[in-house]
Amino acid sequence: MQKITDFLKYKVTNQNASDTDKVAWMFTVEKPELLNKAIKAVFPDPTDQPGNEAVERLREFIKEHLLVFHEADIQLDTEAVDYTTIFVAFFL
């Protein structure tokens with residue numbers, strides 16, 4: 001498992017992965033606690049329904065946490081992230 005993790009880390013840090021994949025990497029492997037923070041930011045009220053406002057809150061959350069990506073040696077172009085894909089994968 002460590003070899004797979006190392007390989008994927010190489011891909012996301014050497015810009016061979018899409019920016020959407022980089023966000024998924026951060027949420028699942030590198031900084032899973034970031035996903036917990038994102039869930040609270042995207043749905044500040046547990047009764048909120050998924051929608052455009054929630055996707056926009058996800059976009060803002062990622063932009064506000066760019067430093068976390070840079071600290072992990074992951075260069076992220078926030079304009080190239082497919083926020084809808086990330087939203088569906090992690091928030092629905």
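The legends below describe close-up views of a predicted model.

Local features are taken at pLDDT of at least 70 and side-chain atom pairs at pLDDT 80 or more, while totals for chains, interfaces and linings use all residues. Residues are numbered from 1 along each chain as its sequence is written, and side-chain values use heavy atoms, with hydrogens and water left out.

**View 1. The largest nonpolar core.** This core has 26 residues. A nonpolar core is a set of buried Ala, Val, Leu, Ile, Met, Phe, Trp, Tyr and Cys residues joined through side-chain atoms within 4.5 Å. Buried means under 20% relative accessible area, exposed means over 50%, and partly exposed lies in between (1.4 Å probe, protein chains only). F27, L58 and F91 have the most contacts inside the core. Two or more residues come from each of α2, α3, α4, α5 and α6. Helices are DSSP runs of H or I with at least four residues, strands are runs of E with at least two, and both are numbered from the N terminus. Helix α4 gives the largest share, five residues. In soluble globular proteins, nonpolar side chains tend to be buried together.

**View 2. Surroundings of F27.** F27 counts as buried because its relative accessibility is 2%. Leaving out residues up to four places away in sequence, F27 touches P32, L34, L35, A38, L58, F61, I86, F90 and F91. A contact means heavy atoms within 4.5 Å.

**View 3. The F27 and F90 ring pair.** The structure holds four aromatic pairs. Rings of Phe, Tyr and Trp (its six-membered ring) pair if their centres lie within 6.5 Å; planes under 30 degrees apart count as stacked, over 60 as edge-to-face and the rest as tilted. The ring centres of F27 and F90 are 5.4 Å apart and the planes stand at 85°, so this pair is edge-to-face. It links distant parts of the chain: F27 lies in helix α2 and F90 in helix α6, 63 residues apart. F90 counts as partly exposed, at 22% relative accessibility. Elsewhere, F43, F87 and F91 form one aromatic cluster.

**View 4. Helix α2 against α3.** Two packed helices are described by the angle between their axes and the distance between the axes. Axes are lines fitted to C-alpha atoms, for helices over the stretch in contact, and angles run from 0 to 180 degrees between N-to-C directions. The axes of α2 and α3 come within 5 Å and cross at roughly 110°. The two helices are therefore roughly perpendicular. Angles under 35 degrees count as roughly parallel, over 145 as roughly antiparallel, 65 to 115 as roughly perpendicular and the rest as oblique. On the α2 side, the contact uses M26, F27, T28, V29 and E30; on the α3 side, P32, L34, L35 and A38. By class, these are seven nonpolar residues, one polar and one charged. Ala, Val, Leu, Ile, Met, Phe, Trp, Tyr, Cys and Pro count as nonpolar, Asp, Glu, Lys and Arg as charged, and the others, Gly among them, as polar.

**View 5. Helix α3 against α6.** Helix α3 (residues 32-42) packs on α6 at an angle of about 105°, with the axes 12 Å apart. These helices too are roughly perpendicular to each other. L35, A38, I39 and V42 of α3 meet F87, F90 and F91 of α6. The contact has seven nonpolar residues, no polar and no charged.

View 6. D19, T20, K22, V23, W25, M26 and F27 are buried in α2. The buried residues of this helix pack against α1, α3, α4 (52-64), α5 and α6. T20 lies in α2 (residues 19-30). Its relative accessible area is 13%. Neighbours within four places in sequence aside, T20 contacts A80, V81, D82, T85 and I86.

**View 7. The loop between α5 and α6.** T78 and D73 share this loop. The loop runs between α5 (66-71) and α6 (83-91). T78 is buried, with a relative accessible area of 11%. Leaving aside neighbours within four places in sequence, T78 is in contact with I62, K63, L66 and Y83. D73 is exposed, at 53% relative accessible area. D73 has a positive phi of about 60°, although it is not a glycine.

**View 8. K3 in helix α1.** K3 sits in α1 (residues 2-13). K3 is exposed, with a relative accessible area of 74%.
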